[in-house]
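Biologist: I have not looked at this structure before. Please show it to me, and then I will ask about it piece by piece.

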Amino acid sequence: MRVRDQRNRRRGALAAAVLAAALALTSACTGGSKSGDQGPGWQGGAEEPAPKASVSISEPAADAKDVPAATAITFAAEQAQETTVELTGADGTAVEGTLAADGRSWLPTKALEYGKSYTATVTATGDDGRPATATSAFTVMKQPEKQVRISSFLGDDQTVGVAMPLIVKFGREIPEKYRADLQRRMTVTSTPAQEGIWHWVSPTEVRYRPKEFWQAGSKVSYRVQAGGLPLGDGWYGRADLTVDIKIGPKLVMTVDNKTKRMVVTRDGKTIKTIPVSLGKKSTPSSSGTMVVMEKLRKTVFDTYDELGPEDGYRTKIDYAQRLTWGGEFIHAAPWSEGQQGSTNVSHGCVNVSMANGAWLFKNTTVGDPIVVKGTERKLANGNGWTDWNVSWDEYVKGSALPYEPTEDAPAPDDETDPDVSASETATA
């Protein structure tokens, strides 16, 4: 037994010596510090500190199903100096999108594909340069049966006047509680940049106008990202809508009942003065700021259904430009050329001579403004594109989102006559 015990002791001493040598060799190879750092030598140094920034995704939730195709990636990032969002399809294809101004959400450039799966990755980096990430995998809903059609009054590459509102219509009424989310996805970009806002005219129509008339020569693009967006009662937007237009020269027509004259200016300079005849006392023209809504080279005015067989008339008209839904036009009226410039004899329209009607028709475009002053009746709100017939402060009240003024915004253009009020419905 003693012999066996001695051997064990020798073996133990030998093993200890080998282990000590190995530890000494390891310490030399791992760069141990003389300061007494106690980092785990087998791992080559101390553990790295956690990133200062943190991030989490709230929508869509991880593994969510039946996600709307218009979903935004909503997240919360703390102590982040830079935040990036990546969205990829199941095949790894990247989806383009834009980070919201408040830095809290990211919206794909177009609606996602129905029934497809996606993965969102949000990366937040703090001032320590260390990134923190969050991911969410989700599946888009199947294509819904109930879809709302979205349409624009204007088409691509159309040139319009400086008072033209951007008009978007919906094939179904949009409940009030859904309008703010929809309006967040309605963007307008102009070159040069100009302040403006959307205004809900009705549950099926929304318009946009700048604070002042559009600047002549501007390029304007507007987009409605409503494809796959929930719009109430199980209805969803059918598709996104994008329209690019151009703004023509600043042509403004001003009619004064006192002088019975129309003064036409282009880019601030008077280019023509035209004698007019406005509505007689029994059928006065409307005073206010109106917009050319439609141009008809030839048409027929038929008022028998409206005025009856005694007062009604059916007349062929040349060079007609619609100003109101109620039937007020600028048009050629050769039968009243003797009264134009002196007496009002029309049924509410702005009568001009055949030659002046032709000249106006050639030089104006849809969206040009006309300001009529001094008549017995005020333009009724909604009787035409009356967006410029109310003050800016009143107009912004029609927005579904709070108005945020642009710093150092210029004062409204005096030619818009924003203080003209509305009273009763106009007639033709």
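Predicted model: local features only at pLDDT ≥ 70, side-chain atom pairs only at ≥ 80, totals over all residues.

Biologist: Among contacts between residues at least 6 apart in sequence, what percentage join residues at least 24 apart?

Modeller: A contact here means heavy atoms within 4.5 Å. Taking the contacts in the protein chain between residues at least 6 apart in sequence, the share that joins residues at least 24 apart is 68%.

Biologist: Which element gives the most residues to the lining of the largest pocket?

Modeller: The largest pocket holds about 890 Å³ of space. It has 25 lining residues, and those closest to its centre are Ala100, Ser105, Leu107, Arg184 and Arg185. Two or more lining residues come from each of strand E5 (97-99), strand E6 (105-108) and helix H2 (176-184). The element that gives the most, with four residues, is E6.

Biologist: How many residues in the lining of the largest pocket are charged?

Modeller: Asp, Glu, Lys and Arg count as charged. The lining of the largest pocket has 11 nonpolar and seven polar residues, and the number of charged ones is seven.

Biologist: Which element gives the most to the lining of the second largest pocket?

Modeller: The second largest pocket has about 710 Å³ of space. Its lining is made of 20 residues, and Met186, Gly196, Ile197, Leu401 and Glu404 lie nearest its centre. H2, strand E13 (186-191) and strand E14 (196-202) are the elements that give two or more residues to this lining. With five residues, the element that gives the most is E13.

Biologist: Which strands do the buried residues of H2 pack against?

Modeller: In H2 the buried residues are Arg179, Ala180, Leu182 and Gln183. The strands they pack against are strand E12 (166-170), E13, E14 and strand E16 (219-224).

Biologist: Is histidine 331 buried or exposed, and which side chain does its own side chain join in a polar contact?

Modeller: Histidine 331 lies in strand E25 (residues 329-332). It counts as buried because its relative accessibility is 3%, and the cut-off for buried is under 20%. Beyond its neighbours within four places in sequence, the residues in contact with histidine 331 include Phe301, Tyr319, Cys349 and Asn351. The polar contact of 3.3 Å is with the side chain of asparagine 351.

Biologist: Where is valine 366, and is it buried or exposed?

Modeller: Valine 366 is in the loop between helix H4 (354-363) and strand E27 (369-373). Its relative accessible area is 16%. Buried means under 20%, so valine 366 is buried.

Biologist: How far apart in space are valine 366 and glycine 161, C-alpha to C-alpha?

Modeller: Leaving out neighbours within four places in sequence, valine 366 is in contact with residues including Val160, Gly161, Met293 and Trp385. Valine 366 and glycine 161 are 205 residues apart in sequence, and their C-alpha distance is 6.0 Å.

Biologist: Why do the buried residues of H4 count as lying on the same side, and which exposed residues are on the face turned away?

Modeller: The buried residues of H4 are Asn356, Gly357, Leu360 and Phe361. They lie on the same side of H4 because they cover an arc of only 135° around the axis. An α-helix has 3.6 residues a turn, so residues three or four places apart point the same way. On the face of H4 turned away from the buried side, the exposed residues are Ala355 and Lys362.

Note on methods:
Residues numbered from 1 in each chain as written. Heavy atoms only, no water. 1 Å grid on protein atoms, 1.4 Å probe; cavity = no way out; pocket = protein on both sides within 12 Å on 5 of 7 lines; lining within 4 Å. Points joined across faces, edges and corners; volume = space filled by probe spheres on them. Buried < 20%, exposed > 50% of the residue type's maximum accessible area, 1.4 Å probe, protein only. Arc of directions from axis to C-beta. Polar contact = N/O pair within 3.5 Å; in protein donor to acceptor, adjacent residues only side chain to side chain.
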